[in-house]
Amino acid sequence: MKTQTTIRFLGTVLFATLVSSSATHAQLGLPRTGLPQQGGEAIYKGICQGCHMPDAKGAVGAGMYPALANNPKLETAGYPISVIIHGQKAMPVFGAAFSDQQIADVVNYIRTHFGNSYQDKVTPEDVKSAR
Amino acid sequence: MIDETPVSRRSILKLIGASAGSAAMYQAMTEMGYAATSDFNGPIKLSGARKGASVLVLGAGIAGMVAAYELRKAGYKVQILEYNDRPGGRNWSLYGGDKYTELGGVTQDVQFAKGLYFNPGPWRIPYHHQGILHYCQMLNVPMENFVMVNNSAYIHSSRAFGGQPKRYREVVSDYDGYISELLAKATSQDKLDAALDKDEKDGLLQMLRRWGALDQNYEYKKSDDASNMRGYDRPPGGGLDSLPVNSDLLPRKGLFSSTMWISLYLNKSWDFQGTLFQPVGGMGMIGKLFGKLLQGVIKYDCKVTNIHQDEKGVTVTYVDAKKGGAPQTAHANWCVCTIPATVLSQIPMNVGTPLKNAINSLSYIPAAKVGLQFKRRFWEQDDAIYGGNTYTDQPIFNISYPSHGFFDKGPAVLLGAYSFANINSYTFEGQSAKEMVAAALEQGSRIHPQYKTEFQNGVAVSWHRVPWTLGCSGGWTDENRARHYDNMCAVDNRIVLAGEHCSRLPAWQEGAVLSSLDAIKRLHQRALAA
């Protein structure tokens, strides 16, 4: 894809995102450039909380954002991994923008915070095999 | 002057115009690419709806109101159900006294002075968006010029020139100058002989000298010619002691290793070419006037919870969006659904798998805007900037000065941040409204130091927290569009979708209009054939 080629050529994240912000009208796609944040908490605050809310309780309007707080669906780590990689309805596809490590970190973060306490850790290898 | 080619397009058109009249000339112009605008083909003319036939429109945004207006004119009985308590949808302006409650429950009280506003959503209309412009004219929405390019506005890079903002005219002239110099030198030193014949070389060199303000040796230097492009340290004056003082060029290394070109390239695209317009009094004026025209047709505060179709018609279940309470139903023969895909994917609806999959495949892009009110127009009074856009590599990305109210002495509102459609936009819009206003002030003050003393109040809208859209606009990728776009637009029995997400102009109101016109045309055909 043309936009992607330009982005690769430019290399750095900040410059690349500026280019994509001027993307043509036909190409307002999903994030494909690298996410600068590292570590579960920083990634949650940098990306997830905009919809799932800082307290991870989600929100309801004409549609809703599911709560991650006290969410039994997080028991199976494969579920959030898959939703982050592939997206689901209003949830964007983040697979291309996140590294395996970043996905593992944020999944580990949400599974051990906000009233969740699942102790089995996800590794970047788990994420890789889910891609 | 460069000679025209012997038989120019213009002379052909003249000939056609003289011999075949203006209609033929217009057609020829269109074919030759002169008069091309969006694919709006003039007002739609639907007529002859079956007696008693009815349509339920979901959503009173631009797409929904266009559909309702045109279908009512065609003879259908029409009702709109709208989630908000106002018409317009994303066509929306915030005025002093307004309250806005976002997802998560935070309410902002807009404190702008009387008459001042901020457009959280669409804010400019290029001249070729003839569909939305048609409805603006129909509704008698007064329009004014939107200033897109201002050579006096700034381009700022935190990594170039010590973070000092540079005027657009300096950046564009110096890019032109240095690029022309390099190209002219390569050409004159015969390094491009494999690519260019003698005539081309001569023509190119002639052009580059003027284009880049080069001297006789094809060098771009501090000079009268360069200052005539990039501006002066002291401009030419009158009377005694009036000699101009030429300005220093930006060093080439700093310029070429920066990303300042991004701000220049943006303006070159078709979407942002002038003339651009804005409605007088805020973009939301379109929605307001359309809503007035459709008074009695729109039922507000309706949160749709179920959409069901059978062989006779469509039944939509909804609850009061504010008070909740017992579900109510509305029924019609046909349905135009403009509910954003992000919301629609969460509403039970019995449509076929192709449409269902299309709806489920589409998430919406991130975007956030901040409006800031200042005590005075310091950008005009101190910096001689009248409208237009400043760009920065900071997260706020864009400052836009009001294209209206020039020279007013009172307070004014400018766009203090516009983060759009990139991974960092999630981070920007993930901040609280207060944090976004603070970020806009902090980052903007690196370009305009006056920010800190002149600031009065601000409002911030994060599009992923807008309760009725869950994002800015359809985030189509090429791959996703190839798989799902046609299915998204196809009529599914008695239901058709419309909105910017069903167009190839995502995030533009023109996309909403064109999508709506196409959808109702096909629905009308289906209704007549049924």
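How are α3(A) and α5(A) oriented to each other? I kept in mind that this is a predicted model. I looked up helix α3 (residues 40–52) of chain A and helix α5 (residues 100–111) of chain A, and their axes come within 8 Å and cross at roughly 90°. Angles of 65 to 115 degrees count as roughly perpendicular, so α3(A) and α5(A) are roughly perpendicular to each other.

Next I listed who meets whom. From α3(A) I noted G40(A), E41(A), I43(A), Y44(A) and C48(A), and they meet Q102(A), D105(A), V106(A), N108(A), Y109(A) and I110(A) of α5(A). I sorted the residues of this contact into six nonpolar, three polar and two charged.

**Chain B, a sheet**

I moved on to an open sheet of three strands in chain B, which run in the order β7-β13-β8 with antiparallel pairing. β7 (125–126) and β8 (143–146) of chain B each have a single partner strand, so they stand at the edges and one side of each is left without a neighbour in the sheet. I then followed β8(B) to strand β13 (residues 276–279) of chain B, and found four bridges in the antiparallel sense. Within this pairing, M143(B) stands opposite P279(B) of β13(B).

**Chain B, one residue**

Is N306(B) buried, exposed or partly exposed? I found N306(B) in strand β15 (residues 302–309) of chain B. N306(B) has 14 C-beta neighbours inside 10 Å, so I put it down as partly exposed. Leaving aside neighbours within four places in sequence, I have N306(B) in contact with T317(B), I347(B) and P348(B). I also checked N306(B) against I347(B): they are 41 residues apart in sequence, and C-alpha to C-alpha they are 5.7 Å apart in space.

Note on methods: Residues numbered from 1 in each chain as written. Chains lettered and ligands numbered in written order. Predicted model: local features only at pLDDT ≥ 70, side-chain atom pairs only at ≥ 80, totals over all residues. Axes fitted to C-alpha atoms, helices over the stretch in contact; angles between N-to-C directions. Helix = DSSP H or I, 4+ residues; strand = E, 2+ residues; numbered from the N terminus. Parallel < 35°, antiparallel > 145°, perpendicular 65-115°, else oblique. Contact = placed C-beta atoms within 7 Å. Nonpolar A, V, L, I, M, F, W, Y, C, P; charged D, E, K, R; others polar. Pairing = 2+ DSSP bridges. Buried ≥ 20, exposed ≤ 12 C-beta atoms within 10 Å, placed from the backbone.
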